[in-house]
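Colleague: I am new to reading protein models. Please walk me through one.

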Amino acid sequence: MKICCCIKQVPGTTEVKINPETNTLVREGVETQINPFDLYALEEAVRVKERMTAAGDPSTVTVITMGPPQAEDALREAISLGADDAVLLCDRAVAGSDTWCTSYTLACGLKKLNADLVFCGMQAIDGDTGQVGPAIAVHMDTAQAAYLAEISDINGSEMTARRLTEEGYEVVKVKLPAVVTVVKEINEPRTPSLRGKMAAKKAQITVWSAADIEADVDKVGLKGSPTQVVKIMTPPGRGGGDKFEGETEELADKLFDTLKTMEVI
Amino acid sequence: MSIFVTPDKCVGCGVCVGSCGNGAIEMKDNVPVFDLEKCIMCGACVQACPCEAITIDAGKSAADDLSAYKGVWVFGEQRDGKAAEVVFELIGIGRKLADDRNTDLSVVILGDNIDEAVEKIAAYPVDKIYVCKDKSLANYDAERYCKVLTEVVREYKPEILLAGATTTGRSFMSGVAINLYTGLTADCTGLAIGEDGLLQQTRPAYGGNIMATILCPYTRPQMATVRHKVFPISPKRESGAAEIINVSPKAELLTSRSEILDFIADMSEKVNIVDADIIISGGRGLGCPENFAVVRELADEIGAAVGASRAAVDAGWIPYAHQVGQTGKTVCPKLYIACGISGAVQHLAGMSSSDTIIAINKDKNAPIFDVADYGFVGDVLEILPLVVKKIKAARGL
């Protein structure tokens with residue numbers, strides 16, 4: 001089985017600052033990381049690979065991202081965590097893509113890879129949209145399932161999985177090829193092995209341009225994106241309110257009164 | 001696509017140089033020069049420029065006749081024939097947007113046994129309800145819902161389409177936007193009609209540290225998913241009635257490559273924290289899983305849902321479905337009570353937009369107090385049982 005995992009390189013923290021003079025994000029000196037949710041997606045991809053291979057279907061995991069040349073770091077880290085190879089979709093033409101164009105570009109790359117099963121994290125911690133995974137499925141015209149918390153059964157043609165929804169879990173059977181997104185509950189990611197680290201160092205990262213994946217240049221980048229960001233700002237801070245210290249009894253009285261004033265009691 | 005400076009407007013201040021995250025701008029003779037090898041056309045400098053001297057020309061214009069699109073639509077999400085609460089919030093804000101655009105407000109609902117839901121929705125100030133009924137639509141299926149809604153939108157051409165930013169709305173609206181080649185803005189917390197008639201969609205990003213306003217200028221409909229509990233529930237209609245339009249989806253749209261085998265409701269406790277008006281969350285400060293009982297007890301007394309910090313979930317004290325924060329759920333209840341939670345940025349990202357926040361923590365310097373409206377410096381394990389006792393006493397128990 002050809003398993004793919006989409007990852008995104010995101011800032012190491014979301015505690016971003018806006019330069020008050022320029023009203024833009026301060027990007028200098030910001031460390032990067034693999035989007036936390038993508039680590040669960042990658043781990044699950046590697047687990048499915050191990051399961052399929054053990055069951056007699058030799059499988060591989062290819063990790064793919066779209067980004068600047070620096071995103072190669074994230075791909076190497078993914079290899080240290082069990083991916084077999086990595087693809088970087090890197091082209092100035094795709095810069096400024098919104099979720100429509102990002103999912104389109106990734107789908108073009110995944111089609112070229114002939115992916116049977118694509119894993120994505122439920123959302124990225126910078127954009128917080130959660131739209132790219134399900135959108136890839138529609139671009140690729142495959143089955144899809146979002147917010148997976150468990151893959152209970154999988155073979156070459158279908159899988160049974162549990163989706164986390166607001167009210168509980170939905171058990172779904174999904175035909176392959178498919179694109180799925182995962183929540184944190186699905187597994188506990190491994191730490192890189194020594195062998196993985198060696199592999200990461202040696203790995204040849206494949207770099208594809210928009211032309212390599214036959215992406216229509218009118219459908220990528222700022223030009224292809226239906227949405228436009230017109231303003232960014234930092235929300236006004238809440239600031240702390242009243243702070244009470246004292247004896248436990250006093251505090252309990254005060255909390256009781258507070259709840260009562262709010263009419264929750 | 002190109003980026004250029006209007007020299008008459010530029011005052012040579014150099015603010016744009018610092019705004020560029022890619023080092024693509026240099027000042028030459030007091031005018032910025034762009035290194036097109038480095039520039040990614042992100043627009044940061046356009047926003048930074050105090051003189052509006054920088055322009056990015058995306059070379060875009062509307063491909064379609066946008067005036068053919070009219071009306072504001074709300075997706076009538078339902079489960080087991082019951083309309084989701086967020087639908088009535090969307091009717092509230094949708095009504096306002098429709099009035100501002102001087103147009104109709106409609107709800108589109110997909111399902112099977114949905115007469116009751118339709119009747120309930122009709123009691124609110126909507127002009128039309130588009131009803132797509134089929135057995136295969138009874139339960140949410142991403143593929144089917146995506147295809148059917150795409151087709152209905154193509155036929156009736158709404159100008160604006162809103163859905164709740166629920167697991168359902170977030171996962172299938174994205175596909176609808178792909179099919180229609182239009183923009184979808186996720187998890188909006190602000191919606192307004194601008195002077196130009198466009199929908200201004202404001203949403204948090206970077207865990208709420210940034211608010212971004214987004215437009216969808218050249219394609220229709222302008223689509224957004226909207227965060228639950230941000231907009232108030234609409235008042236019911238005072239007069240008139242909603243026109244019901246039955247839409248029969250074509251058979252070929254009702255196929256899917258996935259099927260629902262079972263639904264396991266989480267009956268153990270009120271786990272749908274996103275829906276709750278009051279949430280009490282426990283963190284590392286509780287010390288051990290057994291101490292969650294203290295939190296649960298107060299939750300039961302005041303009808304709250306139980307949340308948790310990542311630390312408590314990672315320690316295995318409580319299931320992941322309860323986790324509030326960056327890698328858990330984003331909530332905005334009327335009241336959030338943080339018990340023994342220090343308030344790491346990742347946690348704050350998930351709850352700092354709550355209406356009122358109460359925090360109880362031993363450490364008076366805990367960052368949670370920076371966002372709390374009422375902070376109590378003390379031991380949560382001692383304070384909460386006393387409060388529960390008082391509540392019971394007050395109720396004469």
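Predicted model: local features only at pLDDT ≥ 70, side-chain atom pairs only at ≥ 80, totals over all residues.

Colleague: How many residues of strand β12 of chain A are buried?

Modeller: A residue is buried if 20 or more other C-beta atoms, placed from the backbone, lie within 10 Å of its own. Strands are DSSP runs (E, at least two residues), numbered from the N terminus. In β12(A), residues 178–182, five of the five are buried, so the strand is largely enclosed by the rest of the structure.

Colleague: Which way do its residues point?

Modeller: In a regular strand the side chains alternate between the two faces of the sheet. Here A:Ala178, A:Val180 and A:Val182 point one way, and A:Val179 and A:Thr181 the other.

Colleague: Which strands pair with β12(A)?

Modeller: Two strands pair if DSSP finds at least two bridges between them. Strand β8 of chain A (117–121) pairs with β12(A) in the parallel sense over five bridges. There, A:Gly121 has A:Val182 as its bridge partner. Strand β9 of chain A (143–154) is also parallel to β12(A), over four bridges. A:Gln144 stands opposite A:Val179.

Colleague: In what sense do β11 of chain A and β17 of chain B pair?

Modeller: Antiparallel, over seven bridges. One bridge partner of this kind is B:Glu259, for A:Lys173.

Colleague: How many residues does each chain give to the contact?

Modeller: Contact means C-beta atoms, placed from the backbone, within 7 Å. Chain A gives 80 residues and chain B gives 95.

Conventions:
Residues numbered from 1 in each chain as written. Chains lettered and ligands numbered in written order. Contact = placed C-beta atoms within 7 Å. Buried ≥ 20, exposed ≤ 12 C-beta atoms within 10 Å, placed from the backbone.
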